[in-house]
Amino acid sequence: MTAEKKVWRAYLAGPEVFLPDPAAAAESLRAACARFDIVGVFPMDGAVASIPGETAADHAARIRATNLDLIRGTDLVLANVSPFRSPSADDGTAYEMGFAAALGRPVFAYTNTPASLLDRTRAHFPLTQDATGDWRDPEGRMVEDFGLGANLMLVHPAPFPTAQPGPLGIYQGVDAALSAAWDWISLQER
């Protein structure tokens, strides 16, 4: 009798749920995952309809709890940290990445925008450099300048020797992240 092959599941974190057609985005991501024998789990898979009389805050809390349960039910996270409504990643995606990391799930962060966080911030706001060399926004707040494609807390969250992200510390595109995830899976199956 042979053992059944494990089905690897990836939570698909990212701002795609806010697109005009999130179902199409989900199917595209699932198809990309399928090319690597990974089952993609989209946040809206746990669709939570509002209950008559329920407050918006209560509905939001149930959506959050459902998405966290979806993450608990997966083996890894693919996270789209492309800029969303600002030079930075979607804050919900960042939270999901931290939650997954706290659970010990590897997180494979990717972007569709190959530019550093500093360069993207510079494109949004006039920046100045202070006497110490730090970049500052119009309100005087320091802008992180590590040459990374996202906040330092979001880059390279699944480090292991065979899957190194690009020079910005994150994978360039979902296929690069999936390839790294597949390398990680292959190590787990040895």
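Predicted model: local features only at pLDDT ≥ 70, side-chain atom pairs only at ≥ 80, totals over all residues.
Residues are numbered from 1 along each chain as its sequence is written, and side-chain values rest on heavy atoms, with hydrogens and water left out.

Pockets were located on a 1 Å grid over the protein atoms alone, a pocket being an open set of points where a 1.4 Å probe fits, with protein on both sides within 12 Å along at least five of seven lines; lining residues have an atom within 4 Å of a point. Grid points are joined across faces, edges and corners, and a volume is the space filled by probe spheres set on the points. The largest pocket has a volume of about 420 Å³. Its lining comprises 20 residues, and V17, P43, I63, N67 and E96 are those nearest the centre. Helices (H or I, at least four residues) and strands (E, at least two) are DSSP runs, numbered from the N terminus. At least two lining residues of the largest pocket come from each of strand 1 (8-13), helix 2 (56-72) and helix 3 (91-102), with helix 2 providing the largest share, 5 residues. By class, this lining contains 11 nonpolar, 6 polar and 3 charged residues, where Ala, Val, Leu, Ile, Met, Phe, Trp, Tyr, Cys and Pro count as nonpolar, Asp, Glu, Lys and Arg as charged, and the others, Gly among them, as polar.

Of the 13 residues that line the second largest pocket, T121, F125, D137, R141 and V143 lie nearest its centre. Helix 4 (117-124) and strand 7 (142-143) are the elements that give two or more residues to this lining, which divides into 6 nonpolar, 3 polar and 4 charged residues.

The structure contains 3 aromatic pairs, defined as rings of Phe, Tyr and Trp (its six-membered ring) with centres within 6.5 Å; planes under 30 degrees apart count as stacked, over 60 as edge-to-face and the rest as tilted. One of these pairs joins W8 and W184 edge-to-face, at 5.6 Å centre to centre and 80 degrees between the planes. This pair links distant parts of the chain, with W8 in strand 1 and W184 in helix 5 (residues 174-188), 176 residues apart. W8 is buried at a relative accessible area of 7%, and W184 is buried at 15% (buried, under 20%; exposed, over 50%; partly exposed, in between; 1.4 Å probe, protein chains only). The pair of F18 and F84 is stacked, because the ring centres are 5.4 Å apart and the planes stand at 25 degrees. F18 lies in the loop between strand 1 and helix 1 (22-34) and F84 in the loop between strand 3 (76-80) and helix 3, so the pair ties together parts 66 residues apart in sequence. F18 is partly exposed at 46% relative accessibility, whereas F84 is buried at 18%.

A charge sits over a ring if NZ of Lys or CZ of Arg is within 6 Å of the ring centre and within 35 degrees of the ring normal. The charged end of K6 is placed over the ring of W8, 4.8 Å from its centre, and that of R122 over the ring of W135, 4.6 Å from its centre.

W135 also belongs to strand 6, where Q129 stands opposite W135. Strand 5 (128-129) and strand 6 (residues 135-136) run antiparallel and are joined by 2 bridges; two strands pair if DSSP finds at least two bridges between them.
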